[in-house]
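Here are a few notes to read with the structure open beside you.

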Amino acid sequence: MVVAGLRWTMVLIFALFGISKFAAYEAAGVAMIAGKHPLFSWMYALWGEQGASNLIGTVELLTGAMIALGAFSTRASVLGGAMGVATFCITLTFSFGAPAFWQAGYGAPFLGQTGQFLMKDAVLLAACFAIAVNGLRRMQPGK
């Protein structure tokens, strides 16, 4: 029951976040952080701001779809959960050197706007990890 709640919440989050990447306002916002990130900067040079955002959104939508399919398929659950874990591991790397991660004038442990935005990803990572582990457990004989 708990995993089902995590699963469908993550599906909703990936759907909403993924769809938003196709909008210009979100593409511009993501480019401010991802455009300078070593794993993503090449996409901006190749496809531009909107193209890179569209690819990120597509991956998020596919991740959500795999998590949803995981309700019916253990392999999809493991894959979708792992894709979510990878997504949030990557987004958490944006914390290193991100502008406004710590609140100006206060420093650690006072989170700034970017820090508050990114720290939620630690919980989302844990939820995806739980979904992947649940899929692995369901794959064991006798489960």
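1. First, keep in mind that this is a predicted model. Its largest pocket holds about 700 Å³ of space. Lining that pocket are 29 residues, and those closest to the centre are Lys21, Val30, Glu60, Thr91 and Phe94.

2. Where does the lining come from? Helices H1 (2–20), H2 (24–34), H3 (41–69), H4 and H5 (113–139) each put in at least two residues. Sorted by class, the lining has 18 nonpolar, six polar and five charged residues.

3. Now have a look at Thr91, one of the residues closest to the pocket's centre. You'll find Thr91 in helix H4, which runs over residues 74–93. Is Thr91 buried or exposed? Its relative accessibility is 16%, and buried means under 20%, so Thr91 counts as buried.

4. Who does Thr91 touch? Setting aside residues up to four places away in sequence, Thr91 touches Leu118 and Asp121. With Asp121 there is also a polar contact, side chain to side chain, at 2.6 Å.

5. Next, the largest nonpolar core, which has 13 residues. Met10, Phe14, Ile67, Phe88, Leu124 and Cys128 touch the most other members. H1, H3, H4 and H5 are the elements that give two or more residues to this core, and H5 gives the most, with five.

6. Apart from neighbours within four places in sequence, Leu124 is in contact with Met10, Ile13 and Phe88.

Definitions and conventions:
Residues numbered from 1 in each chain as written. Predicted model: local features only at pLDDT ≥ 70, side-chain atom pairs only at ≥ 80, totals over all residues. Heavy atoms only, no water. Helix = DSSP H or I, 4+ residues; strand = E, 2+ residues; numbered from the N terminus. Buried < 20%, exposed > 50% of the residue type's maximum accessible area, 1.4 Å probe, protein only. Polar contact = N/O pair within 3.5 Å; in protein donor to acceptor, adjacent residues only side chain to side chain. Contact = heavy atoms within 4.5 Å. 1 Å grid on protein atoms, 1.4 Å probe; cavity = no way out; pocket = protein on both sides within 12 Å on 5 of 7 lines; lining within 4 Å. Points joined across faces, edges and corners; volume = space filled by probe spheres on them. Nonpolar A, V, L, I, M, F, W, Y, C, P; charged D, E, K, R; others polar. Core = buried A, V, L, I, M, F, W, Y, C linked by side-chain atoms within 4.5 Å.
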